[in-house]
Amino acid sequence: MNSPSRVISFVNAGHFIDHYAMLIFAAAVIIMGPALGMAYSELLPYATPGFVAFGAGSLLTGWLGDRWSRRHMMLIFFVGIGASMISVGCVQTPAQLGAALFAIGIFASIYHPVGTAMIVSYADRLGREMGINGVWGNLGVASSALVTGVIGQYLGWRFAFIVPGIVTILIGIAFAMMVVHEDRKGSKQAAAQARVAKQDMWRVILSLLIVVIAISTTFNAVTVALPKLFAERLADLTKSPALLGVIAACVYVFGAMTQYTIGRLLDRYSLKTVALPLSFMLAPFLYLAASLSNLPLILVSIGIVMGAFGQVTVNDAMVGKYTSEEWRSRAYAVRYFIGFTAAGASVGLVAWLYEQGGFVTMLHAFAALCLLAIAAAIILPREIRTPQAA
């Protein structure tokens, strides 16, 4: 039997890599534009196919995880996304860039339906493990802005893709050697303990659908736009790409702490009890950020990432609590297909809104979208706790 802690450690590393790889371009595009002779709004849409593949590919990868092997799919993830990152560092034309970013999206689509299902299978306490897993993903987002800024400034943007690609392939080799077989039994199975009345299940599905679309779109828009927003609005503080990366990383650390805290709360309280107050965070902070700069913008950005990353943890726990083992990868596949497809559209939407009215228009638009998260939390029914869950 595979050691649960070993499997979860590799899956957490995969979550770090997944988000890191998807957001290298968002930070590197600031220095890639001048090198390639293209404007920010011209270059950013080349990431759209990759983000669409990130969501659409999850339907197939989730099905393969359930029907074939989650272990083998994770191995393909590590090696494939590592090789794809290296390929971005070797591109010569915008078309090649789009193709290489698309490859990253395809392999990145493996992680969430397959890796999250593995976490649920091996978790003794679902909320805690989901929270910790979320922290690793959040640290991937933060590190992407930080490390890409530093490597890009001192070695050039190409090495910002090549170096993490090599490290990822090495992690994949270690995974192949240390997680040697498929094990679906896991440990005590903390999942699928919460229940709602049968006639209320449609409210769970509707709530999840609404909040996934709203939060996934906003989450991706914020993580893509934040490096550029800081580059514009923090000009009085610094113009160094490396220091901007440090500031962005520090902001994301607060999101990581929120995910861990929300995960612990989900082990003690119902989903609705946690989700309802959390749903009120994003809209006001996004609206305020539209008119702020320098230190006030940094403080409000902390509120934004806390709200966004906390919501992601709630969404993942919701699927884990209501699905059985044999369907779990496919359930997560549908959840991430909807979420990442919406997120993929957000890249083009960010570019379009930025052209229409800069970050003021963009942030106001996403603040309005996040009002849906409040409606979703209100719709969510109360849980009927089983004796084991209690």
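Which helix gives the largest share of the lining of the second largest pocket? Helix 7 does, with five residues. The legends below describe close-up views of a predicted model.

**View 1. The second largest pocket of the predicted model and the helices that line it.** The second largest pocket holds about 220 Å³ of space. Its lining is made up of 16 residues, and those closest to the centre of the pocket are Ala 27, Ile 30, Gly 149, Pro 241 and Leu 244. Helix 1 (4-36), helix 7 (126-154), helix 9 (201-233) and helix 10 (241-268) are the elements that each give two or more residues to this lining. Sorted by class, the lining of the second largest pocket has 10 nonpolar residues, five polar residues and one charged residue.

View 2. Eight cavities of 30 Å³ or more are found in the structure. Two or more lining residues come from each of helix 1, helix 3 (48-67), helix 7, helix 9, helix 13 (294-322) and helix 14 (328-369). Helix 9 gives the largest share of the lining of the largest cavity, namely five residues. By class, the lining of the largest cavity has 11 nonpolar, 11 polar and two charged residues.

**View 3. Packing of helix 4 against helix 5.** Two packed helices are described by the angle between their axes and by the distance between the axes. Helix 4 spans residues 70-88 and helix 5 spans residues 94-108; they pack at an angle of about 165°, and their axes are 8 Å apart. Helix 4 is therefore roughly antiparallel to helix 5.

**View 4. Residues in the contact of helix 4 with helix 5.** On the side of helix 4, the contact is formed by Ile 76, Phe 77, Gly 80, Ile 81, Ser 84, Met 85, Ser 87 and Val 88. These meet Leu 97, Ala 100, Leu 101, Ala 103, Ile 104, Phe 107 and Ala 108 in helix 5. The contact of helix 4 with helix 5 has 12 nonpolar residues, three polar residues and no charged residues.

Terms used:
Residues numbered from 1 in each chain as written. Predicted model: local features only at pLDDT ≥ 70, side-chain atom pairs only at ≥ 80, totals over all residues. Heavy atoms only, no water. Axes fitted to C-alpha atoms, helices over the stretch in contact; angles between N-to-C directions. Helix = DSSP H or I, 4+ residues; strand = E, 2+ residues; numbered from the N terminus. Parallel < 35°, antiparallel > 145°, perpendicular 65-115°, else oblique. Contact = heavy atoms within 4.5 Å. Nonpolar A, V, L, I, M, F, W, Y, C, P; charged D, E, K, R; others polar. 1 Å grid on protein atoms, 1.4 Å probe; cavity = no way out; pocket = protein on both sides within 12 Å on 5 of 7 lines; lining within 4 Å. Points joined across faces, edges and corners; volume = space filled by probe spheres on them.
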